[in-house]
Amino acid sequence: MSIRASDVDQAFKKLRMEIKDTKDRHAVFYYAGKRILKTKRSFGAGKIDNNTQYLIRQQLKLSDHQFSELLKCPLDYDGYLEVLKTKGFIPRNIEH
């Protein structure tokens, strides 16, 4: 799947990730004041290579299908929280 940097940036925004630009664009996901995960991409506007796509997807704890759904928009913030809770990255008893 060919994706652009802007597609990934939109996904970061949709997931309400904290963005910090340095040499790379870093995105951190917080929930209930705790850092849950982080990822990054090169700071540029072009297409993202397959290896980087794979790394971002892995760091977001998503399957191929879930990552595709995130980029196409059916997977939203609440759906992402459910994915992380199901996989045990966020305890179910913690409220936002």
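User: Accessible areas come from the Shrake-Rupley method with a 1.4 Å probe; for residues, only the protein chains shown count as cover. What does the accessible surface of the chain come to?

Analyst: About 5900 Å². Carbon and sulfur atoms hold 49% of that. This is a predicted model, where local features need pLDDT of at least 70 and side-chain atom pairs count only at pLDDT 80 or more, while totals for chains, interfaces and linings use all residues. Residues are numbered from 1 along each chain as its sequence is written, and side-chain values use heavy atoms, leaving out hydrogens and water.

User: What span does the C-alpha trace have?

Analyst: About 40 × 30 × 20 Å along the principal axes.

User: Switching topic. How many aromatic pairs?

Analyst: Two. Rings of Phe, Tyr and Trp (its six-membered ring) pair with centres within 6.5 Å; planes under 30 degrees apart are stacked, over 60 edge-to-face, the rest tilted. Phe-29 and Tyr-77 are tilted, at 6.1 Å and 45 degrees. Phe-29 sits in strand S3 (residues 24–31) and Tyr-77 in helix H4 (residues 77–86), so the pair ties together parts 48 residues apart in sequence.

User: And Phe-29 with Tyr-80, at what distance and angle?

Analyst: Their ring centres are 5.2 Å apart and the planes at 90 degrees, so this pair is edge-to-face. Tyr-80 is in helix H4, 51 residues from Phe-29.

User: Are Phe-29 and Tyr-80 buried or exposed?

Analyst: Both are buried. Tyr-77 is buried too. Phe-29, Tyr-77 and Tyr-80 form one aromatic cluster.

Terms used. Helix = DSSP H or I, 4+ residues; strand = E, 2+ residues; numbered from the N terminus. Buried < 20%, exposed > 50% of the residue type's maximum accessible area, 1.4 Å probe, protein only.
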